[in-house]
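I opened this model to follow its helices, its core and its charged pairs. My notes follow in the order I looked things up.

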Amino acid sequence: MPYLNLKGEMAKKNITIEDISKLLNMHRNSIAKKINGPSSFSIEEAFAIKKEFFPNCDMKELFKTEEQEEKKVGD
């Protein structure tokens, strides 16, 4: 369940997986798995990422998964 909006915002602001891994004190591969699936971010991790890198983004939109987007389109 990739976080496509998060990936897009990261690209716009030149935020790397390494930047997020440093913030969360996690290995780069763990962050990549969370961003691209199959793992997901905890609520604490998501809030830390939003606060540090994307303070003006809507939390729900930023961490919307591809699966959630597909459900919305299918409604």
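**Ground rules.** I take helices (H or I, at least four residues) and strands (E, at least two) as DSSP runs, numbered from the N terminus. The model is predicted, so I read local features only at pLDDT of at least 70 and side-chain atom pairs only at pLDDT 80 or more, while totals for chains, interfaces and linings use all residues. Residues are numbered from 1 along each chain as its sequence is written, and side-chain values use heavy atoms, with hydrogens and water left out.

**Entry: I17.** I started with I17, which sits in helix α2. For burial I use relative accessible area: buried is under 20%, exposed is over 50%, and partly exposed is in between (1.4 Å probe, protein chains only). I17 comes out buried, at 17%. Next I looked up its contacts, meaning heavy atoms within 4.5 Å. Leaving aside neighbours within four places in sequence, I17 touches M10, R28, I31, A32 and I35. I also checked I17 against K7, 10 residues away along the chain. Their C-alpha atoms are separated by 9.5 Å.

**Entry: the buried side of α2.** Which residues of α2 are buried? In this helix, residues 17-24, I found I17, I20, S21 and L24. They span an arc of only 100 degrees around the axis, which puts them on the same side of α2. The arc is taken from the directions from the helix axis to the C-beta atoms.

**Entry: the core.** I then looked for nonpolar cores. I count as one a set of buried Ala, Val, Leu, Ile, Met, Phe, Trp, Tyr and Cys residues joined through side-chain atoms within 4.5 Å. The largest has 19 residues. L6, I20, F41, I49, F54 and F63 have the most contacts inside it. Two or more residues come from each of α1, α2, α3, α4 and α5 (59-62).

**Entry: salt bridges.** My criterion is a side-chain nitrogen of Lys or Arg within 4 Å of a carboxyl oxygen of Asp or Glu. How many are there in the whole structure? The search finds 4. I followed up several.

- E18 pairs with R28, with the closest N and O atoms 2.6 Å apart. E18 lies in α2 and R28 in α3, so the pair ties together parts that are 10 residues apart in sequence. E18 is partly exposed at 33%, and R28 is partly exposed at 35%.
- K34 pairs with E45, with the closest N and O atoms 3.0 Å apart. K34 lies in α3 and E45 in α4, so this pair ties together parts that are 11 residues apart in sequence. Both K34 and E45 are buried.
- E61 pairs with K64, with the closest N and O atoms 2.9 Å apart. E61 is partly exposed at 36%, whereas K64 is buried at 11%.

**Entry: E45 again.** E45 has a relative accessible area of 14%. I searched for polar contacts, which are pairs of N or O atoms within 3.5 Å; within protein, one must be able to donate a hydrogen and the other to accept it, and residues adjacent in sequence count only if both atoms are side-chain atoms. The side chain of E45 makes one to the side chain of K34 at 3.0 Å. It also reaches the backbone nitrogen of S42 at 2.8 Å. Beyond neighbours within four places in sequence, E45 is in contact with L24, M26, K34 and S40.

Entry: Where is the cis peptide bond? It joins G37 and P38, with omega about 5 degrees. P38 is in the loop between α3 and α4.

N14 has a positive phi near 55 degrees and is not a glycine. It lies in the loop between α1 and α2 and is exposed at 64%. N25 also takes a positive phi, about 55 degrees, without being a glycine.
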